[in-house]
Amino acid sequence: MTDADEQRADILDGWEHAASGWGRRAQRVRDWGMPVSTWMIEQLSLQPGMRLLELAAGPGDTGFLAAELIAPGGTLISSDASEGMLDVARERARDLGVSNVSFEFKQLEIEWIDLPTASVDAILCRWAYMLTVDPAAGLSEARRVLAPGGRFALAVWDRDEENPWSTIPTEAIVQGGYMDAPDRAVSPGIFSLADPERLQDMLEEAGFVDVLVESIDVMRDYDGFDDFWGESLDLSPSLGAALERLTDAQRDEIQRRAQSLAEPFSDGEEGLHLPGVSLVASATA
């Protein structure tokens, strides 16, 4: 097994462990992620009868929101590399009563999509390419499976300074001396595709045309710090792995540091409001 293969296996293992947390937080993610999902769906020019693929779907909600636009006669392929995440998506589909299209739940990798060439009409992928070992290969695969003229929409996170909801836990661990400050440009990593020009270049190099890259504000509102901290633990495999190595006392120290770092985003009462910015991109095959 190569180093890259080991890295892929570790990433997949992390998402398998995080699947239950994403299931618990699915509605919250749907709510604060709505501006991004809406923008992506609007870019696809969906029509009844289309085959729509969602890559790295997690709970599947972006695809579910788009489903009504491909009805009647459409097919939604809700895919993820993690079988645990697919279980969450299946349950979400049942809970939401999404029944106006045909469903296929598939375990697919972003870097090698096990579908025929030119077999789908549109693709969605929200917040996954930056966590992929070889995002360029993933973009080329998306181009391959799209029918000519098919539309592609994706989202990645903007720069670290625009997203304190992500940097606060990491900075608390670094300040405690339990890890070195990360190189946020390293791939895979949550901010590895935060350069809009690079993202556009990668899409064009993969063979896409009419590339559009924009940014969207994503505000996360919490009842208090404990609400934010609980969501962070549920959604971030890397945070859970970092804290797992520490003692209870050390974890308590990290939490106190994080609470101090989050204080500037308090509303003066109990609420916490953490801003964020996502890059979004669309293109044509």
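Hi everyone, let's start with Arg 251, which counts as partly exposed because its relative accessibility is 27%. Before I go on, please keep in mind that this is a predicted model.

So who is the partner of Arg 251? Arg 251 pairs with Asp 248 in a salt bridge, and their closest N and O atoms are 2.3 Å apart. Both residues sit in helix 11, which covers residues 248–262, and they are three residues apart, about one turn of the helix. Asp 248 has a relative accessible area of 53%, so it is classed as exposed, the cut-off for that being over 50%.

For the whole model, the count comes to 19 salt bridges.

Next, please look at Arg 159. Which residues does Arg 159 pair with? One is Asp 158, with the closest N and O atoms 3.8 Å apart. Another is Glu 162, where the closest N and O atoms are 2.6 Å apart. Now for their surroundings. Asp 158 is buried, because its relative accessible area is 9%, and buried means under 20%. Arg 159 counts as partly exposed at 40% relative accessibility, and Glu 162 is partly exposed too, with a relative accessible area of 27%.

Let's move to the surface and to some acidic residues. Asp 3, Glu 6, Asp 10, Asp 13 and Glu 16 gather there in a patch of negative charge. Glu 16 belongs to helix 1, residues 3–24. Is Glu 16 buried or partly exposed? It counts as partly exposed, because its relative accessibility is 31%.

My last stop is Ile 190. You'll find Ile 190 in the loop between helix 7 (164–175) and helix 8 (196–205). Its relative accessible area is 27%, so Ile 190 is partly exposed. What does Ile 190 touch, leaving aside its neighbours within four places in sequence? The contacts are Met 130, Leu 131, Trp 157, Trp 165 and Ser 166. As for Phe 64, which is 126 residues from Ile 190 along the chain, the C-alpha atoms of the two are separated by 24 Å.

Key: Residues numbered from 1 in each chain as written. Predicted model: local features only at pLDDT ≥ 70, side-chain atom pairs only at ≥ 80, totals over all residues. Heavy atoms only, no water. Patch = residues over 30% accessible without salt bridge, like charges linked within 9 Å, V, L, I, M, F, W, Y side chains within 5 Å. Areas by Shrake-Rupley, 256 points an atom, 1.4 Å probe, with all protein chains shown as cover. Salt bridge = Lys/Arg side-chain N within 4 Å of Asp/Glu carboxyl O. Lys, Arg positive; Asp, Glu negative; His and termini not counted. Charge placed at Lys NZ, Arg CZ, Asp CG, Glu CD. Helix = DSSP H or I, 4+ residues; strand = E, 2+ residues; numbered from the N terminus. Buried < 20%, exposed > 50% of the residue type's maximum accessible area, 1.4 Å probe, protein only. Contact = heavy atoms within 4.5 Å.
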